[in-house]
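Thanks for coming, everyone. I'd like to walk you through one structure.

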Amino acid sequence: MTSEPAPPSPSGPSPILTLRISVRGLYDSWTHCQRLADYIARFVASDRFDPEQLTTRLSTYLNEVLEYVFRARPGDGEIVVEVGRTDEHVIAELTMPADEALAARLRDDLGRVSQPDARARYEAEFQAMLTRAPAEAGLLELVALHGVKLGLREAGGAGVIVLTVPHE
Amino acid sequence: MENEQPFSIRFHENDQEVALAGSLRPAGPEDFAPVRAHLDHAADAVRGVLYLNFKRLRYLNHTGFVELARFIAACAQRHPALKLKLVVSSVVPWAPLRFGFLGAQFGNTIVEQYDRAFYPGQGVIENDQLVPVLRTQTNIVWSHERELLRRHGLGKRMRIADICCGIGDFAVLVYKEFEPEYIVGVDHSRPFLQYAQQIAREFGITDIEYQFGDATHLFLPSNSFDFVTSRLALQIFNDPASILRELVRICKPGGRVYLTNEMTAHNYGYPRHESVTWTYQQAVKIAQSLGMDMNFGPKMFSQLTDMGLEDVRMEQLPITNNNTAIDDFARVIESWEEYVTGELSAATQQPPEVVERLRMGFRDHVYAIRSRRGFATWPIYVASGRKPER
């Protein structure tokens, strides 16, 4: 099932980095989300024009996805982060173990986030978020305000969140 | 480059400002509570406007963003007369998007992107039409500066930062001549940086890093460069000390901060020297009314000394029409004529007769440059100082 496929790339992204971390390892500390996001972003941006700007953007987006995963609490297993690049985009795929309940939740959340009216929805729901922000609020903001694309793929007991970020 | 800063929040009561810096990524409201306490305290302590300075806040997660919005909403209830001014920088790419959104949501909030107009003449100075002029200037200056840089402490395999690097050609020349271990150029003009990157690519240079940045709030780590340069830049900012502080901050103890700036009023051209002198003195006054100090050059010695630097060295580049390519020199002056009689005169509403007299002075300078019997100068001062070991 795919809520919103990543944009097609004629030759697919060139791989840059693959990281495997245990779900338990991530849960050890909330700050692991930002450490991981910063590390990946700095690595990916290192050979680009203005690496500091790209690092800041990538880290901001990856951190939001990792915080979502942290809160979603997937079952034991591994989280795999694979990052590649096309001419236009950096594409990060974050694979996590997903039982039926988590898969349904991912489908719901990513489905809501990936609608074309994300901006209007974010604006309409923002005041309500001040009372209680839904789990996917950070992801919705990425799509609504930052022009990032988010998609979901499911494969054999795993959920794959696909983050597509323009270079500039 | 490792560059992460811890989160900090400071309330400057005199300025009615809360400055947030570093990375703010709370897990939830409890995590944010100390920040909220600071913000509430500041809102209770001020009247009129509370400034929230986000210029150095590099990371903010959505949870933190929502918590800030909660604070703004609470302020509207508790302090209905209080305005919140959110000061953001385009150097942090997410900031104008997020805070612009907040500004539209809350009536008590104003968003100021401070680097949209943060120094006089920015529109012209960051414009890509200046590229040929800047290249010509560098060609002229480099021929004199190349050897002099060694006297000011630049050596091989150093870590170098070129702040306000413009089109990056100085960085390229330094790269070729001095083979630095690492060199980064920072500028606030995207067209200049794109040009810099293009040139580096064409020359097959991949080791120069270029950053979009604000010289008064650099995202570069403290004490990390052997040689920090800022050339022909401090003179166009209305607060050069704020840049100088940053240059000193990123310089390693024992490293050197190196500056060049002009003494525009001393531009000279003979035989029509009275006309030339009048024009440059007038140009200095016009620039001064916009906050620029085009006579900043000779003041560098005291500025570097006041910043606590040691072994301050200062000299003048001997640029004259006797030792410089005539056409290049003339082109630089013609570009000044265009800038001063166009953009600067319009901005300061100069009367037509003044504009005409200004124009004549520049043309007389060019005449002096090109004349077989003429003599013309362009005074640029060079200064450097060493950051104390401790």
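This is a predicted model: local features need pLDDT of at least 70, side-chain atom pairs count only at pLDDT 80 or more; totals for chains, interfaces and linings use all residues.

Residues are numbered from 1 along each chain as its sequence is written, while chains are lettered from A and ligands numbered from 1 in the order in which they are written.

A few terms now. Helices (H or I, at least four residues) and strands (E, at least two) are DSSP runs, numbered from the N terminus. Two strands pair if DSSP finds at least two bridges between them.

Chain A, then. What order do its 5 strands take in the open sheet? The order is 1-2-3-5-4, with antiparallel pairing. Strand 1 (14–22) and strand 4 (149–155) of chain A stand at the edges, each with a single partner strand, so one side of each has no neighbour in the sheet. On average, neighbouring strands of this sheet are turned by 15 degrees against each other, direction ignored. For such angles, axes are lines fitted to C-alpha atoms, for helices over the stretch in contact, and angles run from 0 to 180 degrees between N-to-C directions.

Strand 1 of chain A is joined to strand 2 (residues 78–85) of chain A by 8 bridges, and the two run antiparallel. A:Pro15 has A:Gly84 in strand 2 of chain A as its bridge partner. Helix 4 (residues 100–113) of chain A packs on the sheet and touches strand 4 and strand 5 (158–166) of chain A. Its direction makes about 155 degrees with that of strand 4 of chain A. Contact here means that the C-beta atoms of two residues, placed from the backbone, lie within 7 Å.

Strand 4 and strand 5 of chain A share 7 bridges and run antiparallel. A:Leu152 stands opposite A:Ile161 in strand 5 of chain A. The hairpin of these strands has 2 residues between them, and A:Gly156 takes a positive phi near 50 degrees there.

One more spot in chain A. A:Arg73 sits in the loop between helix 3 and strand 2 of chain A. Phi of A:Arg73 is near 50 degrees, a positive value in a residue other than glycine. Most residues other than glycine have a negative phi, and most peptide bonds are trans.

Next, where the chains meet. Here 24 residues of chain A are in contact with 26 residues of chain B. Helix 2 (31–45), helix 3 (51–72), helix 5 (118–129) and helix 6 (137–146) of chain A each supply at least two residues of the side of chain A that touches chain B. Which helix of chain A gives the most? Helix 3 of chain A does, with 10 residues.

On to chain B. It is divided into domain 1 (8–116) and domain 2 (122–386); the bounds come from an automatic or database domain assignment. Their C-alpha centres lie 36 Å apart. The contact takes 6 residues from domain 1 of chain B and 6 residues from domain 2 of chain B.

Two helices of chain B come next. Helix 1 (residues 29–45) and helix 2 (residues 62–78) of chain B pack at an angle of about 35 degrees, with axes 10 Å apart. The contact residues include B:Phe32 and B:Leu39 of helix 1 of chain B, and B:Phe71 of helix 2 of chain B.

Chain B also has an open sheet. Its 7 strands follow the order 8-7-6-9-10-14-12, with mixed pairing. Strand 8 (208–212) and strand 12 (310–317) of chain B are the edge strands, each pairing on one side only. Strand 6 (residues 159–163) and strand 9 (residues 225–231) of chain B run parallel, joined by 3 bridges. B:Asp162 has B:Thr229 in strand 9 of chain B as its bridge partner. Helix 6 (residues 169–178) of chain B packs on this sheet, touching strand 6, strand 7 (182–187), strand 8 and strand 9 of chain B.

Last stop. Is the peptide bond from B:Tyr270 to B:Pro271 cis or trans? The bond is cis, with omega near 25 degrees. B:Pro271 lies in the loop between strand 11 (268–270) and helix 9 (273–289) of chain B.
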